[in-house]
Amino acid sequence: MLLNGFTDVTGDGRADAVVVNADTVTVRVSSGGPGSGFLPNADWTHGPYYGGVDSGVHFADVNGDHRADAIVVNADTVTVRPSDGVQFLGNQDWTHGAYYGTRGTFFADVNGDGRADAIVVNADTVTVRPSDGTQFLGNQDWTHGAYYGSQETVFADVTGDGRADAIVVNDNTVTVRPSDGTQFTANQDWTHGAFFGTRGTYFADVTGDGRADAIVVNDNTVTVRPSDGTQFTANQDWTHGAFYGAIGTYFEDVNGDGRADAIAVNADAVTVRPSNGGQFLGNEDWIPRDYWGSLNAFVGGERWDPYS
């Protein structure tokens, strides 16, 4: 489960460092460079803000203003606090009644209108409630039957058309159901054989071509399979040696160059390895001290596993 999040809450194109604690949501805004790369703490809520169903906060741009908003899932509603660039505003109920999945709840833009939609994965279907910028609309079944992975279920744009696709990681392959804007289409195997990491499997655009790539973190390296829009291509080692965090490992664009960077959160620092499009460069300490939250944060289409 995630303790930190990295997402652009200010709208400047750089992912900021967000932590959720029992009394507040705190942000360290990215300045775009190493050293003091994440600026000092700023409290973005007055008091606690977290959910009752998954005990965390999701961050995604649900109103289309290019700033990630804070979203919590409770037993009776989904509540949003929009970002105005310097804080999260007051509570807004975006559903009338409960909306969450037995196998995961996600927020990602699946119809390509620039607003993250609410997605729930259940044992029999994947259901979407599109965002109209002020609320999540009625249920739409986007699969005919079950669709989830034994290792991972993720929503990210791997085809580069601006719509998040449904990705499942199983023991023997990575399968994609591309979004056509109204549904997830038929299964496509995007790897020949297994591709998942002992320390995590991620999907983010590390090459800067607008398509999310497949990334696995193992004990000895970080390996990338870039997306060509129809498949994940051959393995590329993007680190020489191990790179992962004891608290968490993330892939988000913190310097604003359009490429997701590798981020490791440890007990004594937050360390970034910027992507140059073909590898992750040398270590840069962006926070030279501890910085993580006591509760969970979920970013965009990232996975939530209610059984972990």
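Modeller: One term before we start: pLDDT is the predictor's confidence in each residue, from 0 to 100. This is a predicted model, so local features need pLDDT of at least 70 and side-chain atom pairs count only at pLDDT 80 or more, while totals for chains, interfaces and linings use all residues. Residues are numbered from 1 along each chain as its sequence is written, and side-chain values use heavy atoms, with hydrogens and water left out.

Biologist: What is the mean pLDDT of the protein chain?
Modeller: Of the chain's residues, 94% reach 70 or more. There is a stretch below 50, though, and it covers residues 303-308. Where pLDDT is low, the predicted coordinates should not be read in detail. For the protein chain, the mean is 93.

Biologist: How many strands does the protein chain have?
Modeller: Strands here are DSSP runs of E with at least two residues, and helices are runs of H or I with at least four, both numbered from the N terminus. Helices come to 0 in this chain. The strand count is 25.

Biologist: Which residue in S10 is the bridge partner of Thr 105?
Modeller: S9 and S10 run antiparallel, joined by 4 bridges. Thr 105 has its partner in S10, and that is Val 120.

Biologist: Is Arg 115 buried, partly exposed or exposed?
Modeller: Arg 115 sits in the loop between S9 (105-108) and S10 (117-121). Buried means under 20% relative accessible area, exposed over 50%, and partly exposed in between (1.4 Å probe, protein chains only). Arg 115 has 23% relative accessibility, so it counts as partly exposed.

Biologist: Which residue's backbone oxygen does the side chain of Arg 115 reach?
Modeller: A contact means heavy atoms within 4.5 Å. Not counting residues up to four places away in sequence, Arg 115 touches several residues, including Asp 61, Asp 109 and Gly 133. At 3.2 Å, its side chain reaches the backbone oxygen of Ser 131.

Biologist: How much of the protein chain is buried?
Modeller: The chain has 308 residues. Buried ones make up 55%.

Note on methods: A polar contact is a pair of N or O atoms within 3.5 Å; within protein, one must be able to donate a hydrogen and the other to accept it, and residues adjacent in sequence count only if both atoms are side-chain atoms. Two strands pair if DSSP finds at least two bridges between them.
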